[in-house]
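Good morning, and thank you for coming.

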Amino acid sequence: MDNSMVIHSTFQLERKLKASPERVFAAFADESTKRRWFFGESPHGLEQHELDFKVGGKERAQRKMGPGTPVAGKTLVNEAVYEDIVPSRRIVTAYRMSMDGKTFSASLLTIELVPAGSGTDLVLTHQGAYFEGADGPEMRKGGWESLLGKLVKELGEEA
């Protein structure tokens, strides 16, 4: 395959949660809560995190990749724009990831929170374009599966 080709991929992940849609939504909307579950156990040093959670608002995270990783010492940056927010129902972000200043992917992420009795059905849809040097669709899907596992723990539920 030509290394200059863009790889496109869409995947969807679902979780049945005991927490209410309002509580799940708050885990994404509150900066300190999101930082705790999204970055808290990362082996990569979080150097910066900013969250302006509103339509048109931005989120930026910068991490230094740790020893033992294939890219130790490199700086990973994730920059997102919140495209749509419906409180306790939907979050849509467009985000790009870069390594040492070179963009390697651009994605559209939709989080849907569907009331299910006293709990929530969370539906995550990820549409990605992966460029040269990207982690690729399978690693990204695995990353989001891990993050949803951390969210489940943040909400006090069993994985």
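**A walk through the predicted model**

Thr 75 is buried, since its relative accessible area is 15%; buried here means under 20% relative accessible area, exposed means over 50%, and partly exposed lies in between, with a 1.4 Å probe and protein chains only. Before I continue, please note that this is a predicted model, in which local features need pLDDT of at least 70, side-chain atom pairs count only at pLDDT 80 or more, and totals for chains, interfaces and linings use all residues. Residues are numbered from 1 along each chain as its sequence is written, and side-chain values use heavy atoms, with hydrogens and water left out.

Let us stay with Thr 75, which lies in strand 4. Helices (H or I, at least four residues) and strands (E, at least two) are DSSP runs, numbered from the N terminus. The side chain of Thr 75 forms a polar contact of 3.2 Å with the side chain of Lys 64. A polar contact is a pair of N or O atoms within 3.5 Å; within protein, one must be able to donate a hydrogen and the other to accept it, and residues adjacent in sequence count only if both atoms are side-chain atoms. If residues up to four places away in sequence are not counted, Thr 75 touches Glu 47, Gln 62, Arg 63, Lys 64, Ser 98, Met 99 and Asp 100, where contact means heavy atoms within 4.5 Å.

Strand 4 also holds Tyr 82. This tyrosine counts as buried, because its relative accessibility is 2%. Which side chain does Tyr 82 join through a polar contact? The partner is Glu 59, at 2.6 Å.

I turn now to the core. The largest nonpolar core has 35 residues, and those with the most contacts inside it are Val 24, Phe 28, Ile 111, Leu 122, Leu 124, Trp 144 and Leu 151. A nonpolar core is a set of buried Ala, Val, Leu, Ile, Met, Phe, Trp, Tyr and Cys residues joined through side-chain atoms within 4.5 Å. At least two residues of this core come from each of strand 1 (7-17), helix 1 (21-29), helix 2 (31-39), strand 4, strand 5, strand 6, strand 7 (119-130) and helix 3 (137-154). Helix 3 gives the most, with five residues. As general background, nonpolar side chains tend to be buried together in soluble globular proteins.

Take Trp 144 from that list. Leaving aside its neighbours within four places in sequence, Trp 144 is in contact with Phe 11, Leu 13, Phe 38, Tyr 95, Leu 109, Leu 124 and His 126. Glu 145, in helix 3, is partly exposed, because its relative accessible area is 35%. Not counting residues up to four places away in sequence, Glu 145 touches Leu 13 and Arg 15.

Next, the helices. How do helix 1 and helix 2 pack? Their axes are 6 Å apart, at an angle of about 85°. Helix 1 is therefore roughly perpendicular to helix 2. In that contact, Ala 27, Phe 28 and Ala 29 of helix 1 meet Glu 31, Thr 33, Lys 34 and Trp 37 of helix 2. For these figures, axes are lines fitted to C-alpha atoms, for helices over the stretch in contact, and angles run from 0 to 180 degrees between N-to-C directions. Angles under 35 degrees count as roughly parallel, over 145 as roughly antiparallel, 65 to 115 as roughly perpendicular and the rest as oblique. Helix 2 has the buried residues Thr 33, Lys 34, Trp 37, Phe 38 and Phe 39, and these pack against helix 1, strand 2 (45-51), strand 3 (58-64), strand 4 and helix 3.

Finally, two loop residues. Most residues other than glycine have a negative phi. Ser 88, in the loop between strand 4 (75-86) and strand 5 (90-99), has a positive phi of about 65° although it is not a glycine. Asp 100, in the loop between strand 5 and strand 6 (102-116), likewise has a positive phi, of about 50°. Is Ser 88 buried or exposed? Ser 88 counts as buried, because its relative accessibility is 11%, whereas Asp 100 counts as partly exposed at 46%. Thank you for your attention.
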